Amino acid sequence: MNASLSPSAQRVQDALAGAGLECTVVEHATPARTSAEAAAILGCSVAEIAKSLIFRCGEQDAVLVIASGANRVDEAKVAAHLGEPIARADAAFVRQATGYAIGGIPPLGHTMPMPVLVDRDLAAFDVVYAAGGTPNALFPIAPADLVRASGGTLADVALAR
């Protein structure tokens, strides 16, 4: 266990290690609650941020969409992939489903298993950056490792620009 990480960030670090990945979660002094804030801290483009968004699927099920920070999620496309309608999830539902608060939701290590769709636009990069369990925690990961470790499927989830 890394004594310098908060408990939430350490859970993500442990999940990464459990997936056989050597990614390192880093907690920054400045929080990054948005993709733009994360990109500014890391010195990368907003498109390289892998934001984790939770949606409701039915009354109790959750679905995770890992989208490029530059994209808005097209909820109709996600619903079509799942074969059922989705809805936005409130903060309490997100915490219950993932074990994390909005603003720091990682792409893996959640409380409950759920379907995962990964924005195919992330595959254009060698490395993307995801939240590590708190608004201050971020880690780099190769898109192929992100898909594998999250149990996700690459999909077209972006709203047309």
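Visitor: Which residues is I141 in contact with, once its neighbours within four places in sequence are left aside?

Guide: I141 is in contact with L16, L21, C23, V127, V128 and L146, where contact means heavy atoms within 4.5 Å. This is a predicted model, in which local features need pLDDT of at least 70 and side-chain atom pairs count only at pLDDT 80 or more, while totals for chains, interfaces and linings use all residues. Residues are numbered from 1 along each chain as its sequence is written, and side-chain values use heavy atoms, with hydrogens and water left out.

Visitor: What makes a set of residues a nonpolar core, and which residues have the most contacts inside the largest one?

Guide: The term covers buried Ala, Val, Leu, Ile, Met, Phe, Trp, Tyr and Cys residues joined through side-chain atoms within 4.5 Å; buried means under 20% relative accessible area, exposed over 50%, and partly exposed in between, with a 1.4 Å probe and protein chains only. The largest such core has 30 residues, and L16, V25, I54, I66, F139, I141 and L146 have the most contacts inside it. At least two of its residues come from each of α1 (7–18), β2 (49–57), β3 (61–68), α4 (91–98), β5 (116–119), β6 (128–131), β7 (137–141) and α5 (143–150); these elements are DSSP runs numbered from the N terminus, helices being H or I of at least four residues and strands E of at least two. Another core, of 11 residues, lies apart from it and includes V73, L117, A155 and V157.

Visitor: What does the side chain of S68 reach, and at what distance?

Guide: It reaches the backbone oxygen of A47 at 2.9 Å. A polar contact is a pair of N or O atoms within 3.5 Å; within protein, one must be able to donate a hydrogen and the other to accept it, and residues adjacent in sequence count only if both atoms are side-chain atoms.

Visitor: How do you know what α1 should span, and how far apart are its end C-alpha atoms?

Guide: The expected span is 1.5 Å times one less than the number of residues, so the 12 residues of α1 should span 16 Å, and the end C-alpha atoms, 16 Å apart, agree with this.

Visitor: Where do the buried residues of α1 fall when seen down its axis?

Guide: The buried residues of α1 are A9, Q10, V12, Q13 and L16. Seen down the axis, they fall within an arc of 160°, so they line one face of the helix; the arc is that of the directions from the helix axis to the C-beta atoms. The exposed residues P7 and G18 are on the face turned away from the buried side, and what covers the buried residues includes β1 (26–27) and β7.

Visitor: Which residues are buried in α4, and where do they fall around its axis?

Guide: F93, V94, A97 and T98 are buried, and because they fall within an arc of 110° they line one face of α4. They pack against β2 and β3, whereas A92 and Q96, on the other side, are exposed.

Visitor: What makes the contact of E75 with R88 a salt bridge?

Guide: The definition asks for a side-chain nitrogen of Lys or Arg within 4 Å of a carboxyl oxygen of Asp or Glu, and the closest N and O atoms of E75 and R88 are 3.1 Å apart. E75 lies in helix α3 (residues 75–82) and R88 in strand β4 (residues 87–88), so the pair ties together parts 13 residues apart in sequence. E75 counts as partly exposed at 24% relative accessibility, whereas R88, at 60%, is exposed.

Visitor: How many salt bridges does a search of the whole structure find?

Guide: The search finds 4. Among them, R120 and D156 meet at 3.8 Å, N to O, and this pair links R120, in the loop between β5 and β6, with D156, in the segment after β8 (153–155), 36 residues apart. K77, R120 and D156 are linked in a network of salt bridges. D145 and R148 meet at 4.0 Å, and because they are 3 residues apart in helix α5 they are separated by about one helical turn.
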